[in-house]
Amino acid sequence: MNAPRDDRLHLTRQIPIPKMVQTNGDRSQTSDPLANAFTRGHNPHVPATPFHVERTEDRTVRFVGELDLGSFEIAVAGLEPLLAGDGDIEVELADLTFMDSSGIRVLVKCRRELEGRGRLLLRGANPHVAKILEIAGLQDLGVRIEDGSDG
Amino acid sequence: MADVRSARSFPPEARVLSEIRRYVGSEIERHSFRSFKDDLLLAVTEACSNAIRHSGTQEIRVAIFPVGSCLEITVSDDGVYRPLVPAPELDGEGHRGIHLMAAVVDDFSLHQGTPSRPGTTVSLVKCKS
């Protein structure tokens with residue numbers, strides 16, 4: 001409907017401009033003697049942390065991908081619709097391949113906002129995610145943690 | 001000084017954390033420390049996240065040093081270290097990263113950047129038993 005009238009101009013604008021090297025940041029100012037041994041590792045075309053939330057049932061969501069500081073807000077937003085209502089919330093973790101303290105923050109925030117209205121149930125975490133949940137002490141906060149085999 | 005076998009720098013942005021893990025993960029596998037991979041990727045992510053959130057640095061540098069049966073990974077920045085609460089309140093939302101990081105590695109050390117001498121370096125070590 002609102003396509004540009006000049007299609008050639010439109011196409012021209014779509015051609016990506018290669019920009020592989022970041023040039024800001026003056027290494028001569030750093031106190032780290034190793035700084036000049038480093039190669040620039042970052043490719044600016046790499047997308048943010050791959051992560052999304054699927055709502056599989058009314059009170060159940062599935063976390064898919066990697067949960068860190070780069071996907072924290074996506075996880076918080078994914079739980080918001082469920083926190084608007086009352087009742088237990090179940091989070092399926094079987095497809096969560098990485099989680100750090102940002103993930104713990106998401107879950108602790110969810111548990112606290114659900115206080116008195118329902119419980120938080122985590123299901124199917126892989127062994128390393130389960131280890132992080134245990135170190136963080138989520139069971140001690142009243143979060144139920146179950147393996148994925150059977151309810 | 002140990003030989004720097006592999007090192008890269010990244011901008012201090014949360015969206016590069018996944019890329020940092022892919023880089024560190026491939027180095028860990030190259031050096032046959034695969035059994036440590038999950039723990040080290042967690043620790044590196046926490047260290048980089050702290051630099052991104054708190055230090056004000058312009059870049060983050062990640063270096064990997066195989067030393068005998070141990071693997072050391074350093075995360076350094078040019079910023080100022082903000083003191084974090086070492087023992088997180090159980091129900092609090094913040095400052096869990098240091099606690100998790102220290103729990104999953106064999107040795108953990110922190111050189112703190114100050115306003116007069118910026119530059120924080122976190123060292124994370126895992127050893128084969």
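**Entry 1: lining of the largest cavity.** I looked up which elements line the largest cavity in this predicted model, and found that α2 (37–55) and β3 (70–77) of chain B each supply at least two residues. Helices (H or I, at least four residues) and strands (E, at least two) are DSSP runs, numbered from the N terminus. The largest share, five residues, comes from α2(B). By class I noted nine nonpolar, five polar and two charged residues; Ala, Val, Leu, Ile, Met, Phe, Trp, Tyr, Cys and Pro count as nonpolar, Asp, Glu, Lys and Arg as charged, and the others, Gly among them, as polar.

**Entry 2: volume.** About 150 Å³ of space lies in this cavity. Of its 16 lining residues, B:Asn50, B:Ala51, B:Asp77, B:Tyr81 and B:Thr120 are the closest to its centre. A cavity is a set of points, on a 1 Å grid over the protein atoms alone, where a 1.4 Å probe fits but cannot get out, and lining residues have an atom within 4 Å of a point. Grid points are joined across faces, edges and corners, and the volume is the space filled by probe spheres set on the points.

**Entry 3: helix α3 (97–104) of chain B.** I found B:Gly97, B:Ile98, B:Leu100, B:Met101 and B:Val104 buried (under 20% relative accessible area, 1.4 Å probe, protein chains only).

**Entry 4: conventions.** Residues are numbered from 1 along each chain as its sequence is written, and chains are lettered from A. Local features need pLDDT (the predictor's confidence in each residue, from 0 to 100) of at least 70, whereas totals for linings use all residues.

Note on methods. Predicted model: local features only at pLDDT ≥ 70, side-chain atom pairs only at ≥ 80, totals over all residues. Heavy atoms only, no water. 1 Å grid on protein atoms, 1.4 Å probe; cavity = no way out; pocket = protein on both sides within 12 Å on 5 of 7 lines; lining within 4 Å. Buried < 20%, exposed > 50% of the residue type's maximum accessible area, 1.4 Å probe, protein only.
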